[in-house]
Amino acid sequence: MQNQEVSILQKIQSKIYFIRGHRVMLDSDLAELYQVPVKRLNEQVRRNIERFPTDFMFQLTEIESESLRSQFATLETGRGKYSKYQFLAFTQEGIAMLSSVLRSETAVLVNVEIMRAFVKMKNSESENRAVWQKFDDLEKKYDANFGGVFEAIRQIIESELPNQHRKIKPLSE
């Protein structure tokens, strides 16, 4: 059972992006997790738009949407293959609000797991910051002769850390 919980948590974490300085999940990924069509999810959001201020949900720009599609190969050419709309991005607060507008047992259960994923990511980032601060303090204590050693250690650690969340990149990169 615990392996299944880890698997669900990892699946959710892989769908969390860092956009405009916020950890968000996209409407299409949420719809998949909630087991509803994207159209229904967005319909319920629009019917209850007063529950989704801009710090809960925002629509990606055309450039941001295209960047996501190209980075993650979600858009194939051809009529009717995929929706061509701009994604809606939901912050943690917006995701919490979704369960109240979708009103299904699945939405509530999925939301619990999503909240756990967000909390775990925040805790992990906090722990990482503390470790890096200790590492930086240690580096400052020793003279420049050890600079190369510290840099090598830093590179090894960074290469082995899992990507906490994916950032979207502009198309020009």
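## Burial and helix α2

A residue is called buried when its relative accessible area is under 20%. In this predicted model, helix α2 spans residues 27–34, and six of its eight residues are buried, so the helix is largely enclosed by the rest of the structure. The buried positions of α2 are D27, D29, L30, A31, L33 and Y34. Just after the helix, Q35 adopts a positive phi of about 60 degrees.

## Overall architecture

The protein chain contains seven helices and five strands. Their order along the sequence is α-β-β-α-α-β-α-β-α-α-α-β.

Of the 173 residues in the protein chain, 34% are buried. The chain exposes about 11,200 Å², and carbon and sulfur atoms supply 53% of that area. Among contacts with a separation of 6 or more, 69% are between residues 24 or more positions apart.

## The aromatic pair

The count of aromatic pairs comes to one. Its members are F52 and F90, whose ring centres lie 5.9 Å apart. Planes over 60 degrees apart count as edge-to-face; the planes of F52 and F90 meet at 80 degrees, so this pair is edge-to-face.

Terms used
Residues numbered from 1 in each chain as written. Predicted model: local features only at pLDDT ≥ 70, side-chain atom pairs only at ≥ 80, totals over all residues. Heavy atoms only, no water. Helix = DSSP H or I, 4+ residues; strand = E, 2+ residues; numbered from the N terminus. Buried < 20%, exposed > 50% of the residue type's maximum accessible area, 1.4 Å probe, protein only. Contact = heavy atoms within 4.5 Å. Areas by Shrake-Rupley, 256 points an atom, 1.4 Å probe, with all protein chains shown as cover. Phe/Tyr/Trp six-rings, centres within 6.5 Å; stacked < 30°, edge-to-face > 60°.
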